[in-house]
Each structure stands twice: as structure tokens, then as C-alpha cells.
Amino acid sequence: MIWFTWRLHRAQVYAGLALIALITAIFLPYGHAVRGSFASHGVGTCLAHDTGGESCQTAMIAFVQQFNAIANHLSTWFSPIPGLIGAVIGAGVLGREYEQGTWRLAWTQSVPRGRWLTQRILLVSAGLTAICLTLSLVFTWFRSPMDQVTGRFAPGAFDLEGLSLTGYTLFAFALGLVAGLLLRRTVPAIVVAFAGFMAVRMPVEFWLRQRYVTPASKLSAPTLHHTMGPSAVPVTPGKPGWTLSYDLVNASGHTLTGAEQGRLEEQVRTMHDPDAYLRGLGLHLKTVYQPADRFWTFQFIEFSIFAGLAVVLLAFAVQRLRHRGV
Amino acid sequence: MTAALETERLGMRFGRSWALRDCTVSLPAGAVVALVGPNGAGKTTLMNLVCGLLRPTEGRVRVFGEDADSGSAEALARVGFVAQEHPLYRGMTVAELLRMGRALNPRFDRNLAEMRLGALGIPLDRRAGALSGGQQAQVALALALSKRPELLVLDEPLASLDPVARRDFTRTLMSAVAEDEVTVLLSSHVIADLEAVCDRLLVLDHGTVRLDGAIDDVLAAHRMISGPREAAADVPGVVRAVHSERHSDLLVRTGVEAESLQHVLHPTWQEHPVGLEELILAYLEQSAVTR
């Protein structure tokens, strides 16, 4: 079965290695450029000592803006790619057998078809895992200076580093395989699997992920000078986590409503030192966030969700093929 | 002696329609069985059940006494299958297909396969997709035979072949049967091709068995008689009747002692033996009429 599986998938293995080579060839020089800029802007020193100073803020914003475009492109272009790769490979496993009629050849050899499918799944999953982890390593290396400023929870970082990329690909592979089993056609199976992949992947990223662990919160000196979002530059020292919200709270701990905050912003617009005025009102800035050290916890949870779904789908495929006939 | 293939009230339903129903047959070891029937008769369904590709809705299939749908490696190793249109991995070379055969089958005889294909002049380094239809059929047959199966199942192996390829295929099959003592179940539309190879007949129509027996016995047990139409109603055992204004041609099942017919019939009746093709067509037409 090992040779047989290799023979059927070797073109895909070569394509995977070519993809790794291509990504490395692109991001190796780019990674060096990022490192050069990181040093010349003095970002490292800023992060080590104090991030709040005017010059440091300017330096970090300049650094982030220089590479923000590429980092964002990476995340937008690369978030569907695990789904696509997984779906194409998964759909081919059974879809091609049905389309070309070779299932009648394959499953009348002396390897029971349940075992045949299990072994193919294990070998292909191992190959996919190896390729995805390698890609994640390249991305992690490329992004590490950026990550020091904007944190590893930024979409372009979290989705490509660690285990998440592998989890996504395995999930899409499983979807493709099951779709190929049920539809008996490769291309429709790819389409269905990819749609199914995005339908799970997107809600997880934008809704579920921030709820994995109850977020932490902290109070600090009030300011209206804060930025939110994945590429926000940190205003406090320490490793940047994932900021979910900034709110002004009054002395009794109540959060100001959006309307109240809006009114305050109107009032302080013309003031020389608005932050001092807010302090005078007894307000604090409440930050709700996921701390940076939860990165691996979140990675494991994210991976478990997608890899777990993949295991369920693949087990279903094996059981169905074994028991239902073909 | 254990039958090579035994089915017991075998039924297979797809959705609401039965592709095969109440099929009980027993094929002796060493037989070469022609499975005949029109499209949709259930031939492929029966073959897929025998190969364990399908699980029966009801009843049982046994190959040399063992359930065919157990799906075990041993059960699979005993049956060689050449499916309709003899599918192969088209991107693999012939040598790679043989390597696959050896990797996936415990008793696979690669030397035998290479020898057979070499004798046919089929290059081992050619991709399967680049071979002619006849050569692909030969490769598929070589793969199935090299498994050293006890039962060889061939689904319409001749259908897509030209006459020369058809002859070569039949020849390979016959020499394999002689050498390996393998039991063969073979389906085909082309009745003339079957006569040379097969010694047993199984006629299937609309999912049920119409006729089952050794070809010699079946032929001996049937007579074609022609005579006056008015007397036709008295003839027993009519399988199919063709009437013209005055005259009737009847295919009659007589039982093995064909002489007895002469006592029953009026002397004006003429009697002649029946050919295999005529016989099969008669049974298929009869079932079409009675439905």
C-alpha cells in the first residue's frame, strides 16, 4: 500500500515540494528585508524598553506600515489556500477512482477496501502534515519581526503559524474525501468541500476563536488615542496580545456607552491635553484582551477543532465504504 | 463437493427497484459459465455481489463455501475480477500495474503475468492509457489471472473489443482455464463468442434466473418443432411459440429424454435440434412476452 499510495500521489508530493520551494524563494529575501528595517527603525530597542514614547510610536508605525501590505496580502491570499489544497487532494482520493472506474480494480485486489482507504488516508495525511508544518515554519520565520510588534494573534500570523494551517488543510482534505465518496465526481467534490471549508473556517475566525478562553481585562490611564485591529501598534510594553475592545469606564466601574464616548470625543477634540482631562473625570481605559502567552493554547484549541472534525469525517468515510458496499 | 459459487435467494435493491431478486444458483467448480441477459438484467449486480463490491439486500453469496461479502483479504484473494471496460490506472505503466498487483495480492505471480504479456507483445514500459483497447483488456485479464484466483469473474470482457482483439482475448482465457483449472463466470451480449468458451449457461432477466444448466444438457433438453397451428395448443412444455396463419414454430422443453416427444406429437410435426443463440433468444423473448 505504501508504494501504491506513493505512486498515486507522487505528483502531488512534487507539487507540494515545489510550493515550499517557491514560498521559501519569495519569503527568504523578504524576511531579510523585514529584519533590516526592524533594526534600522530601532524597533527592537523600543519594544525592549518603552513603547509609549512619541519617537517609538513613530518608528513602529513606520515599520508596520512598510510591511503591512505584504502581511495582509499573505493572510488574504493564504487563508483559502489550505482549503483549496486539502479539497483538491481529498476529492481526488475517491472521486478519481469512481470517475475512472478504477474502484472496481482497486477494491477487488486482496486488500479489503476499508483497510485500503485507511492506509491511504494515513499516508496522505502524514504527507500533508509535513508539507503544512514546513510552510508554517517558513511563515513564522518570515513574520517573526512583525509578530514582535503586532503579536501572533493577528490573522496573517495566527492562521499561518503553529498548528492552525495544518489543521485547516486536514479538515479540507477530509471534506474533499467525503464529498468524493458521496458525489463520486472530483470537480463537484472540490467545489462542495471548499464551500464547506469556508463555511466553517470563517465563523471560527471571526466569531468563535475569541471565545476559546474567557478574555482578560485590565485598567489603565484613560486615553482616546488608541487603535484597534490586527495591525495595531502596542501602546504598552510587553508582548502584544489580542485586543478585543477598548472602553472608557467611570470611577464606579461602569462602561461608558458609545454615545457617551462619542460626546466626550467631541468635547476633547480641541483640548491641549485630552488625556489629562479624562483623568480628571476619574475615567479609566478598560482593555479586554487575550494575553500573548495564550498563543499556543489557542493554537491547540483551533487545531483540535479542525483536526477533530477531520477525524470524524474520515472515520465516517471508512465506515461507510466498508459497510455499505460501493 | 463445494460449489464454486452458490447464491441463496439473493436479492439486491437500489432505492425502490430490485436489480436482482430471489436468485438461487449453484455453479460447480471448474465450470466456465456464460451469464447472459439483456441490459439491466442484473448481470453486473450479480457480479459485483460475487466480488464483494456490493452487500446483498437479502440472501447470501458464497464463493467456495465462504461468504463473498465478508470483505476479508482471503475472500478477495480467491476471486479475480475484470470489470466492464477493464479499468486500469491509466497513468501507470504496465510494469507499475504489475507491481501494484504484487503489492496488493499475497499469491500474485508477476513472472507469469510478464510472460503472458510478453508473449502478446505488450510493452511493459508503456503507460496503460497509451495501449489499445485490446491490449488494455489483456493487461486487466493478466492482472486478474496472476492473482491466482479460484473464481474468475469477467463482466462484458469482449464488448468494447474489435474482432481480432476478441479472438486473442478468448484464446488467452481458454489457455488460462486449461492451465489453471479456474472456474469462470463471464457475461456477454455476443452469444457466438460464448459458445466456444463456455460449458454452462445462466440466463438472467429482470433480476431473476430464467435458465441455468450445462450447455450440452440444456441443448439436449430443448427441441424446435414446427407443424400445424391448430395442433399447437396441445404441445406441452412450450418455451416460445411463433405462429403464422397456418403454421407454428415452437421451442419446447422436453426433458433430457428427447425421444418421448415423438410419442406425444402428431406425425405432421417436424422436429430439429436448437442452437444456443436461438435458445437464449427464445428465453429472453419469452420473458419479455410474459411480463
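Me: Two strands count as paired if DSSP finds at least two bridges between them. Over how many bridges do S7(B) and S8(B) pair, and in which sense?
Reply: This is a predicted model, so keep that in mind. Strand S7(B) pairs with strand S8 (residues 183-187) of chain B over four bridges. The sense is parallel.

Me: Which residue of S8(B) is the bridge partner of Val153(B)?
Reply: Leu185(B).

Me: And the other neighbour: how many bridges join S6(B) to S7(B)?
Reply: Four bridges link strand S6 (residues 79-82) of chain B to S7(B), and the two run parallel. In that pairing, Val82(B) has Leu154(B) as its bridge partner.

Me: Which way do the residues of S7(B) point?
Reply: Leu151(B) and Val153(B) point one way, while Leu152(B) and Leu154(B) point the other way. In a regular strand, side chains alternate between the two faces of the sheet.

Me: Are those four residues buried or exposed?
Reply: All are buried. For each of them, then, 20 or more other C-beta atoms lie within 10 Å of its own.

Me: What's the strand order in the whole sheet?
Reply: S6-S7-S8-S3-S9-S10 in chain B. That makes an open sheet of six strands with mixed pairing.

Me: Which strands stand at the edges?
Reply: S6 and strand S10 (208-214) of chain B. Each has a single partner strand, so one side of each has no neighbour in the sheet.

Me: How many degrees does the twist average?
Reply: It averages 15 degrees from one strand to the next.

Me: What about S3(B) and S8(B): how many bridges there?
Reply: Four bridges, in the parallel sense, with S3 covering residues 32-36 of chain B. Leu35(B) stands opposite Ser187(B) in S8(B).

Me: Which strands does helix H1 of chain B lie across?
Reply: Helix H1 (residues 43-50) of chain B lies across S3, S6, S7, S8 and strand S9 (200-205) of chain B. H1 of chain B runs at about 150 degrees to S8(B).

Me: And which strands does helix H5 of chain B touch?
Reply: Helix H5 (residues 133-146) of chain B packs on the sheet and touches S6 and S7 of chain B. The direction of this helix makes about 175 degrees with that of S6(B).

Me: New topic. What order do the strands take in the open sheet of four strands?
Reply: S2-S1-S4-S5 in chain B, with antiparallel pairing. The edge strands are S2 (17-27) and S5 (66-67) of chain B, and each pairs on one side only.

Me: How many bridges join S1(B) to S4(B)?
Reply: Five bridges join strand S1 (residues 5-14) to strand S4 (residues 58-63) of chain B. Those two strands run antiparallel. Glu8(B) stands opposite Arg60(B) in S4(B).

Me: What does UniProt place at residues 5-231 of chain B?
Reply: An unreviewed UniProt entry places the feature "domain: ABC transporter" there. Over residues 5-231 of chain B, the chain is 35% helix and 30% strand. The end C-alpha atoms of that stretch are 43 Å apart.

Me: Switching to chain A. How many helices and strands?
Reply: Twelve helices and three strands. Of the 326 residues of chain A, 38% count as buried. The C-alpha atoms of chain A fill a box of roughly 80 × 45 × 25 Å, taken along the principal axes.

Me: Where is the kink in H1(A) centred?
Reply: On His9(A), with a kink of about 60 degrees. His9(A) is also buried, and the buried residues of H1(A) include Phe4(A) and Leu8(A). Just after H1(A), Gly42(A) takes a positive phi of about 70 degrees.

Me: How many residues of chain A are in contact with chain B?
Reply: 18 residues of chain A, which contact 25 residues of chain B. H1(A) gives the largest share of chain A's side, three residues. That side divides into eight nonpolar, seven polar and three charged residues.

Me: At what angle do H1 of chain A and H3 of chain B pack?
Reply: About 145 degrees, with their axes 9 Å apart.

Me: Which residues of H1(A) meet H3(B)?
Reply: Trp3(A), Phe4(A) and Arg7(A). On the H3(B) side are Glu96(B), Arg99(B), Met100(B), Ala103(B) and Leu104(B). The residues of this contact divide into five nonpolar, no polar and three charged.

Terms used. Residues numbered from 1 in each chain as written. Chains lettered and ligands numbered in written order. Buried ≥ 20, exposed ≤ 12 C-beta atoms within 10 Å, placed from the backbone. UniProt positions renumbered as here; feature names shortened; annotations may be inferred. Axes fitted to C-alpha atoms, helices over the stretch in contact; angles between N-to-C directions. Contact = placed C-beta atoms within 7 Å. Nonpolar A, V, L, I, M, F, W, Y, C, P; charged D, E, K, R; others polar. Bend = angle between axes of the 7 residues up to and from the residue.
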